[in-house]
Amino acid sequence: MDGPTFRGDASEPRSPGPGQPAAGEVGPVSGGIEPGGRPPPAQLDARVAVQRGEFRLEADLHVGPGQVLVVLGPNGAGKSTLLRTLAGLLALTDGRIEAGTDVWDDPAGGIFVPAGERDCGLVFQDYRLFPHLSVRDNVAFPIRARGARRREARHDAQPWLDRLGLDELAGRKPAQLSGGQAQRVALARALASKPRLLLLDEPLAALDAKTRLEVRTDLRRHLTTFDGPSLVVTHDALEALVLADRVLVLEGGRVVQEGPPATVARRPATEYVARLVGLNLYTGSLGDRTTHRIDLDSGGTLYAAGHDPADGAVILPLAGARMLVAVTPTAISLFPQEPDHGSPRNSWSGEITGLELLTDRVRVAVEGYPSAMVDVTPAAVADLDLHPGQQVWLTAKATEVTAYPDPGGTPLVI
Amino acid sequence: MTSTLPPAPSAARRASARSRRAVEAGNRAPWPLAVPAVIAVAFLLLPLMGLLLRAPWGNLLNVLVQADAAQALRLSLECSILATLASVVLGVPLAWVLARTTFRGQNLLRALVTLPLVLPPVVGGVALLLVLGRRGILGQYLDQWFGITLPFTTAGVVVAETFVAIPFLIITVEGALRSADTGLEEAAATLGSRPFATFRRVTLPLITPSLVAGGVLCWARALGEFGATITFAGNLPGVTQTMPLAVYVALEHDPDAAIALSLVLLAVSVAVLALLRDRWLRSMATH
């Protein structure tokens with residue numbers, strides 16, 4: 001072998017598939033039946049307020065053309081409610097939804113455009129394919145709904161079947177499809193309605209873990225070829241990180257954070273996001289501005305870098321300001337005895353309360369001031385004979401500790 | 001007896017074998033239930049067997065021809081099919097309204113439209129006469145303005161049969177609409193489908209099995225209709241004399257013909273039951 005170099009698929013230039021539109025072209029070639037029939041893709045601007053009994057959802061959204069906004073949140077956060085208001089399946093209590101120059105919902109102005117007239121493609125979590133129709137007729141359904149004859153609609157569905165690799169499955173009924181295939185049909189059907197806005201409700205939730213992996217990559221590719229705004233709802237952090245241009249975190253009907261996925265993963269605003277992305281998150285107040293000492297609410301102190309280690313942004317406000325502190329479990333070192341004075345500025349002791357084997361490492365839960373999750377190798381667990389109840393010492397370099405202002409109830413926009 | 005002693009091996013084996021058999025066979029019926037059950041079976045099956053035993057098998061065809069069975073059978077089939085079609089055209093929309101909308105008095109309406117299920121058919125016939133008869137509340141205008149007379153015509157037979165049979169279709173289809181997945185209709189709406197198009201392209205195909213079951217049941221009821229038909233439409237051979245009426249008339253002067261005609265209706269009923277067994281009975285069991 002004369003030194004071959006391997007490149008991952010990700011670095012290969014993507015060749016457009018058959019039927020995929022060339023750059024600058026809008027949508028697939030539709031047999032010239034509808035030349036430029038739809039208005040150009042537009043920005044989505046929504047101020048959503050819905051009251052359902054005790055539950056109130058309030059969220060502001062702005063999604064540009066071609067942009068993917070992922071709404072991340074736990075069950076019951078109001079994600080599906082948000083999606084249903086945008087799709088026109090649920091009316092707003094208050095607020096306003098605009099797509100470009102069109103107003104879709106405005107309770108104050110007495111405007112409500114029903115679902116069928118919104119040009120809004122919704123991919124349901126359970127896909128909702130029509131069981132009595134073939135894959136081809138499912139995809140042709142929205143074309144037929146707009147008045148095309150059966151033959152014409154089937155013909156116009158073809159580019160979408162090609163584009164999502166469904167040509168060979170075109171004659172099958174939904175019951176004969178795998179989960180991943182059904183997901184592609186649902187997406188093709190939504191796209192065939194030529195939506196100005198694409199909505200996906202937990203697109204991967206109904207799939208098994210293995211299928212999810214490949215479909216996630218596929219979905220990312222298809223979302224990038226859609227030129228309108230897309231909105232994906234999920235409770236899966238990885239899905240959010242892979243698919244999103246921006247992430248909006250929804251908890252208890254409120255937006256708690258919004259920003260690019262990398263930043264949200266590095267500087268979570270709430271315990272929920274921190275747990276999803278596997279970070280230790282603490283709240284506290286800035287004790288000393290020169291040493292970057294933060295006094296934590298749960299007890300203990302941590303010294304942080306004066307800037308974000310990833311992007312260099314200076315983020316330390318005035319002393320006494322409310323702060324959030326994030327530390328990755330791999331950035332913390334664990335010692336059976338008190339370590340000699342080394343370079344790490346943070347050093348504290350605690351007691352092991354639990355050990356959990358992740359795929360290639362062991363996550364050790366340590367209770368102390370502060371408590372922390374620490375990742376070590378399985379070999380280290382054996383070498384140090386780690387067990388619950390054991391007293392250990394933890395260290396972390398200040399440069400590994402990220403501190404940023406706590407928005408304290410208002411959305412953290414980064 | 002001491003409880004520490006294990007039972008003899010053979011006895012234990014016998015006991016366990018019996019309990020296993022009991023488990024496999026389900027509960028054994030106690031005699032206060034078993035005896036009436038057997039009597040009920042005999043009560044239901046013996047008359048049918050009597051029909052088979054006493055049938056003039058030798059010249060069955062001859063008897064049927066002489067009794068003008070073909071005429072009565074053709075009239076019966078025509079009228080019952082027309083009544084079924086009328087029930088579908090009117091009953092499916094009503095079922096949809098009952099299943100998918102809410103309004104005041106809905107439950108009362110549901111009870112009223114299914115009333116013909118329990119109403120004695122003769123009463124239905126009298127009621128139809130009062131409304132649609134030549135001097136009835138509506139019938140007089142039908143007669144004066146359009147020259148339409150329903151009583152004692154073939155159309156009257158269809159009206160009487162529809163009146164009695166339509167509730168079967170309505171309750172079957174309404175049940176199907178209630179249990180159908182409205183999520184699919186929602187999906188159709190987001191894809192730009194208008195409500196009636198959604199009904200036609202999504203809802204109707206989904207409830208087709210129940211529609212067929214309800215239609216067959218409705219048709220069977222129309223085919224066997226007697227009381228409302230004879231009251232409202234009379235008993236004119238070739239015009240309003242359907243099979244059940246022909247059987248009744250034949251019984252007075254030609255018992256063999258009555259038996260032969262009954263056999264034909266029995267054959268049709270058995271065929272319907274076989275058709276329904278899969279769809280109707282199973283869907284009833286799961287509801």
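Helices (H or I, at least four residues) and strands (E, at least two) are DSSP runs, numbered from the N terminus. The model is predicted, so that local features need pLDDT of at least 70 and side-chain atom pairs count only at pLDDT 80 or more, while totals for chains, interfaces and linings use all residues. Residues are numbered from 1 along each chain as its sequence is written, and chains are lettered from A, with ligands numbered from 1, in the order in which they are written.

**Exercise 1.** Locate B:Val272 and determine whether it is buried or exposed, or in between.

*Solution.* Begin with the element: B:Val272 lies in helix H13 of chain B, which spans residues 255–286. Next, apply the cut-offs, by which a residue is buried with 20 or more other C-beta atoms within 10 Å of its own, exposed with 12 or fewer, and partly exposed in between, C-beta atoms being placed from the backbone. B:Val272 is partly exposed because it has 16 C-beta neighbours inside 10 Å. Finally, leaving aside residues up to four places away in sequence, B:Val272 touches B:Val216 and B:Ala220, where contact requires C-beta atoms, placed from the backbone, within 7 Å.

**Exercise 2.** Describe the side of chain B that touches chain A, by residues and by elements.

*Solution.* Count first: 14 residues of chain B and 16 residues of chain A take part in the contact. Then assign elements: on the side of chain B, those giving two or more residues are helix H9 (182–190) and helix H10 (195–223) of chain B, and H9(B) gives the most, with six residues.

**Exercise 3.** Summarise the fold of chain A.

*Solution.* Chain A contains nine helices and 22 strands, and of its 414 residues 40% are buried.

Note on methods
Contact = placed C-beta atoms within 7 Å.
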